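User: Hi! I'm new to this one and would like a friendly walk through it. Can we look at it together?

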Amino acid sequence: MTSRAHAKEGTGYVTVATSCNACTNKCGVIAYVKDGRLWKLKGNAAHPYSKGTVCARGHGYAQILYSADRLTEPLKRNRDGSYSAISWENAYREIGERVRAILAKDGPEALAIVEDPRPNGKYYSKRFINALGSNNYYTHNATCNLSLSSGYQATFGGTNFSADIASSKLVVFIGRSYGDGMRPSSAATLARAAESGVKIVLVDPRLNNTGIFASQWLPVNPGTDLALLLAIANVLVAEGLYDKTFVAEQTTGFDEWAVELAKYPPEWAEGITGIPADTMTALARELGAAGPKGVIEQGWRGAFGCQYRNSFNTARAIAAINALLGNWNRKGGALITHTPKAGALDAGKFPTPVQGPQKAGVTEYPLQTQDNGTNLIVVKQGIEGKMKGVFFYNSNAVKAYANPRDWKDALAKMELTVCIDVQMSETAHQCDYVLPECSYLERDELPEFLGGKQGCVAGRFKAVEKVHPETRASDVIYAELAEACGVGEYFRFSCEELARAQLESVSVSYDELREKGVVNLGEPFAYDEPPTWKTPSGKFEFVSQKIAATEGLKLYTPLITWVEPKVSPGADTFRLIGGKQSIHSHTMTTSIESLMNITREYALERAWINAARAAELGIADGDTIEVRNELFTATVRARVTERLNPTALWIPTHYGGSSPELRQGFGVGIPHMEYVPFDIEPDVGSAMTHEALVTIRKVSA
Amino acid sequence: MTRYAMLIHTTRCVGCFACRVACQTQNSLPASDSFIRYEEQESGSYPVVYAEQVPLQCQHCEDAPCVSVCPTGASYINNEGIVLVNQERCIGCKYCMTACPYNARIQDHRTGEVEKCRFCVWHDDGSVPEPACVDTCVTGARIFGDLDDPTSEVSQAIVSHNAKPIAAGLTRAKIYYVR
């Protein structure tokens, strides 16, 4: 290790440039190591997401290295649900036998893999399932940003963009909070922008922790952002406040959509959204005056990544307003930047598996972005008895991706379930085999290519030796599993050999990346070049030609129209909505002592309720309340606040841990997904995680 | 002379707790003990509401009450204006904890020693201190530097933002807040 690291004279520590694993951002960090033990992390100033800082999750999750709750050896489930140690060799042999039996009887389409992608997983998980002849590679996206990416694809052909906040005049956030679901550099940019006078508008049922930067909070009724956006588009078109040159040159379908938009004046949206018509009209006029420096921010999970039975159209409406304002690739507007990629590699050393049958779920949900798929099809086909085997990598799907009971039913029917993780998650508890990975600080991974105003490649390098000798890195586990399944020929190279080949293909030195952690690639983004629209028409589409050409759709139409949410709260019910807190990353970090101490000390597991609604129900701040619906009932303390729309009950989505091995998070707070009925957004494939109603009653003061 | 001080922009603080965890790591504190605590303030009524997070820690007062009540001289102000505790002299009597109007001192439950923010004075390589909370602050809400140097970033920011101690007339605190 020391040969790779840089000892600072007289300081007693060495530093290693690597990347964080506490969330999907994978920020560049510098690990400080004393006597072979990790001391602390600092941000890598060269990394575009960390810019030299580390968030609480990053500092906290590093403690997984020395956690007493880590997996230390392979486990096999006994008939009574308990687990016993098994050797790696026997685990591989048994898994290999079951895989071969499934392949022989049901074919490769009965096997799937599910992960929350990280640098190695993106390559190895996909390659492993492909090598078995299956295309059933799924990420967590159906419970994250699948509706967003699919909606964007149906308008401009790409799957995401970025608001150019630093150069903008007016930025409207739809449900996303940089202060909660944090990327450090984005939060820093927003802080500077707000201080320099950029107007920030938050459209969110909750005044979230980005509120400190906001000039205006619009506490929209959850699930109705689409109505607010249609009303804004209505005003922009009706009052001629749009970029007529851009619309004429770069778009298609405007005239048809303009006719549809006439149905959606602000007066129509007022009753749906709970926002006064005048407020929406004023915001539309401000956007029209500011365009192309008035922009709707791109979102991520927020309010329309996967939440409602209209989220796909919410994404399309955002893209369409940015088109009306002529924002695309303009300074202060909406940017579609290039992401660099590795070049072609030696096909003899890194052979490509033969293409298998179409990914399950693509036919039923044809508007989805297909790369990441909808993992909910694994649940559906598992319950139907069609999906026979599933591998999970770095994924707590059972707790977080859909209703846990449906996942359990599906997995119980399968013939093989395997979980690769660092800790005994709720998902591991439902699997036949649990394979322990070493942590991200104990392994090398493949380089990660990142887009943005300046493309780059970032590295992950081992900072300390393995703490638990029986744990193994994911690339090694996949290669060994592949050998056991009879497809080892696709994995006969080391992670470092592949990393070196990928870097060589873009003329980056492996040693330079190891030294710096980040190396820039290509030219910086240039403003004012119109994007290449990757749509059927080759233009921005207000009316989707892809949707027009797709048969058998159940909900969405080529036009961007209003779509009702699936459920609506009444006088006695609340819509259960959830969101992130800055100290946790999904459910993964609720095993971390220092982060859970913050949760306990500040009672962050509480359910938020609007003060006026709480008063009606006799609930005071800190009271214990029962949250009930037809699927689940549990108690939690209430946080009575003015910061929440009265139709909603908001809970942080990290809590309610039910794995006894993860002692820090066990039994703290309530589990969001237990309340959400298993259902799938028509045509798209998302989990519709906010389409659930609950009732509340006070239990005790 | 050098007189270290800090400025905290609560108008930039999203309450993300990064400073707390970075501080714990830098200073090898147990997970349950922190030199930084937070007060959350909510004002207004729906839908016109303002919410603010105020991080609090040792204010490194020039007239530190913790120092004047310490019976053994364990609490002292060093020649750079940093309030410190000499653990060899600390008898764990907690007078200082009671005297601190900011509730900024904690007792290490493992050793019984009383401790608090020390501006990371035991820094990496013997040069200028670089507090971990400043280094890790995601939104740049914290500025650290020398009050006796009028050209330092902290001195200039205090003037340009009209930053003030958290409570007027309490002590001569050297953490300045922009609110």
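User: Let's start with Ser594(A): is it buried or exposed?
Analyst: Ser594(A) is buried, as 26 C-beta neighbours sit inside 10 Å. A residue is called buried if 20 or more other C-beta atoms lie within 10 Å of its own, exposed if 12 or fewer, and partly exposed in between, with C-beta atoms placed from the backbone. Keep in mind that this is a predicted model, where local features need pLDDT of at least 70, side-chain atom pairs count only at pLDDT 80 or more, and totals for chains, interfaces and linings use all residues. Residues are numbered from 1 along each chain as its sequence is written, while chains are lettered from A and ligands numbered from 1 in the order in which they are written.

User: Where is Ser594(A) found?
Analyst: It belongs to helix H19 of chain A, residues 593–601. Helices (H or I, at least four residues) and strands (E, at least two) are DSSP runs numbered from the N terminus.

User: And what does Ser594(A) touch?
Analyst: Leaving out residues up to four places away in sequence, Ser594(A) touches Gly60(A), Gln63(A), Val21(B), Gln24(B) and Ala31(B). Two residues are in contact if their C-beta atoms, placed from the backbone, lie within 7 Å.

User: How about the inside? Which residues touch the most other members of the largest nonpolar core?
Analyst: Ile232(A), Ala233(A), Leu649(A) and Ala18(B) do, in a core of 275 residues. Helix H6 of chain A, residues 225–238, gives the most to this core, with 11 residues. By a nonpolar core I mean a set of buried Ala, Val, Leu, Ile, Met, Phe, Trp, Tyr and Cys residues joined through C-beta atoms within 7 Å.

User: What is Ile232(A) in contact with?
Analyst: Apart from neighbours within four places in sequence, Ile232(A) contacts Met280(A), Leu283(A), Ala284(A), Leu287(A) and Ile321(A).

User: Changing topic: how many helices and strands are in chain A?
Analyst: Chain A has 20 helices and 28 strands. Its radius of gyration is 25 Å, close to the 27 Å that the globule rule gives for 701 residues, so chain A is as compact as a globular protein of that length. The radius is taken over C-alpha atoms, and the rule is 2.2 Å times the number of residues to the power 0.38. Buried residues make up 62% of chain A.

User: And how many in chain B?
Analyst: Chain B has 5 helices and 9 strands. Its radius of gyration is 16 Å, which agrees with the value near 16 Å for a compact globule of 179 residues. In chain B, 41% of the residues count as buried.

User: At what angle do helices H3 and H15 of chain A cross?
Analyst: The axes of H3(A), residues 119–131, and H15(A), residues 474–484, come within 10 Å and cross at roughly 5 degrees. H3(A) and H15(A) are therefore roughly parallel. Axes are lines fitted to C-alpha atoms, for helices over the stretch in contact, and angles run from 0 to 180 degrees between N-to-C directions. Angles under 35 degrees count as roughly parallel, over 145 as roughly antiparallel, 65 to 115 as roughly perpendicular and the rest as oblique.

User: Last one: which peptide bonds are cis?
Analyst: One is the bond from Gly291(A) to Pro292(A), with omega near 5 degrees. Another joins Tyr46(B) and Pro47(B), with omega about 0 degrees. Pro47(B) sits in the loop between E2 and E3 of chain B.
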